[in-house]
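Here are my notes from going through this model. Have a look at the coordinates alongside them.

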Amino acid sequence: MQPRNMSMSGVVDLAAVKAAGEAKAKAEQARAAAARQGGGSDAGVPGAVAPSALVIDVDEAGFELDVLELSHQVPVVIDFWAEWCEPCKQLSPVLERLITGANGRLVLAKIDVDANQMLMQQFGVQGIPAVFAVVAGQALPLFQGAVPEQQIRETLGQLIQVAEERYGLTGIVVDPAGGGAGGAAGAGGADEEPEGPYDALLEAAVVALDGGDLGGAVQAYKNVLADDPANSEAKLGLAQAELLARVQHMDPQEVRAAAAANPTDPAAQIAAADLDMAGGHVQDAFGRLVDAVRVTAGDDRDAVRVRLLELFEVIGADDPRVPAARTALARVLF
């Protein structure tokens, strides 16, 4: 089963996340509910989780509940590992210590690749250890290999900051005594959010995406944008669906061979950049097109520039990789 709200490539989110304003409103409700629950007691903090619950083993059957659903309340860091992997044995204890020390602002999901080959393929994992994050249903590659602890610490800090500022995720309540009954902050305490005017159309897009109907998804997002051109969820979803529609019939080997043989051919570089993006290699896609802008001119250059701007929409303007690519683009244009 393909995890809901994950792309066919494993790293591009097919169901765009709710707007930051909505996420922050939910977070405020969660904080208010947690405050109403009060502080600790002999029985532990009501609705809290024990520190041990911040590190969990996840398999394919439990992925949707334990990772995707949970990621709408707290960022979930995924550690792809295997028993035979020596670098994994170096990295995993560091991840567990840092995430447990984050006091509920992160959860670590450990996935054994030998027992969960489908998830490994969904995320496009090429080697282990490989670490991803899922935030509000959106998968983000973090790093691969046993990287230094300071780099891990900085990456996790940035993840927490993005989750709070962009999605309004403040984490879950942790019972220091370890006696909590389990549950996310505010679970059961916040009122249900009323449905928005375009929820049915957006849900139709998600259903189409889950069913592989990319044309139907594109049309559903366009229907929303026809009435509400500023709808951030529809804009993001449309960009992602159109990207997947462009790459679904490509032969990756042929496309990459053509790009390597023709570095100044805009069509070849655009096609390869689309493959890079759909595979989660965001910076490779951006860098390829910036280089193509540098070596082209006239209409060819403009075609590459426009595609680069379209790819910015795939991950959203708030992604920190977008401003860096915009700066690089400006340098080669002016």
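1. Which residues is D276 in contact with, leaving aside its neighbours within four places in sequence? They are R256, H281, D284, A285 and R288, where contact means heavy atoms within 4.5 Å. D276 lies in helix α10, residues 266-278 (helices are DSSP runs of H or I, at least four residues; strands are runs of E, at least two; both are numbered from the N terminus). D276 counts as buried because its relative accessible area is 5% (buried is under 20%, exposed over 50%, partly exposed in between, with a 1.4 Å probe and protein chains only).

2. A word on the ground rules. This is a predicted model, with pLDDT of at least 70 needed for local features and 80 or more for side-chain atom pairs, while totals for chains, interfaces and linings use all residues. Residues are numbered from 1 along each chain as its sequence is written, and side-chain values use heavy atoms, with hydrogens and water left out.

3. Now the sheet. It is open, has five strands in the order β1-β3-β2-β4-β5, and its pairing is mixed (two strands pair if DSSP finds at least two bridges between them). β1 (55-57) and β5 are the edge strands, each pairing on one side only. From one strand to the next the twist averages 25 degrees (axes are lines fitted to C-alpha atoms, for helices over the stretch in contact, and angles run from 0 to 180 degrees between N-to-C directions).

4. On the parallel side of things, β1 pairs with β3 (residues 107-112) over three bridges, and I56 stands opposite A109. β2 and β3 are also parallel, over six bridges, with W81 opposite D112.

5. The antiparallel pairs are β2 with β4, joined by five bridges, and β4 with β5, joined by six. A133 in β4 is the bridge partner of V77, while V135 stands opposite Q138 in β5. β4 and β5 make a hairpin with two residues between them, and A136 in the turn has a positive phi of about 50 degrees.

6. How are the side chains of β2 placed? V76, I78 and F80 point one way, V77, D79 and W81 the other, and all are buried. β4 is covered on both faces too: A130, F132 and V134 are buried on one side, V131, A133 and V135 on the other. In a regular strand, side chains alternate between the two faces of the sheet.

7. V134, in strand β4, deserves a click. V134 counts as buried because its relative accessibility is 0%. Its contacts, leaving aside neighbours within four places in sequence, include V67, L68, F123 and A139. V74 is 60 residues from V134 in sequence, and the C-alpha to C-alpha distance is 9.0 Å.

8. α5 (149-167) packs on the sheet, touching β2 (76-81), β4 and β5, and its direction makes about 165 degrees with that of β5. α5 also gives the largest share of the lining of the second largest pocket, eight residues.

9. That pocket has a volume of about 980 Å³. Of its 35 lining residues, the closest to the centre are L140, P141, L142, Q283 and R321. (On a 1 Å grid over the protein atoms alone, a pocket is an open set of points where a 1.4 Å probe fits, with protein on both sides within 12 Å along at least five of seven lines; lining residues have an atom within 4 Å of a point.)

Conventions. Grid points are joined across faces, edges and corners, and a volume is the space filled by probe spheres set on the points.
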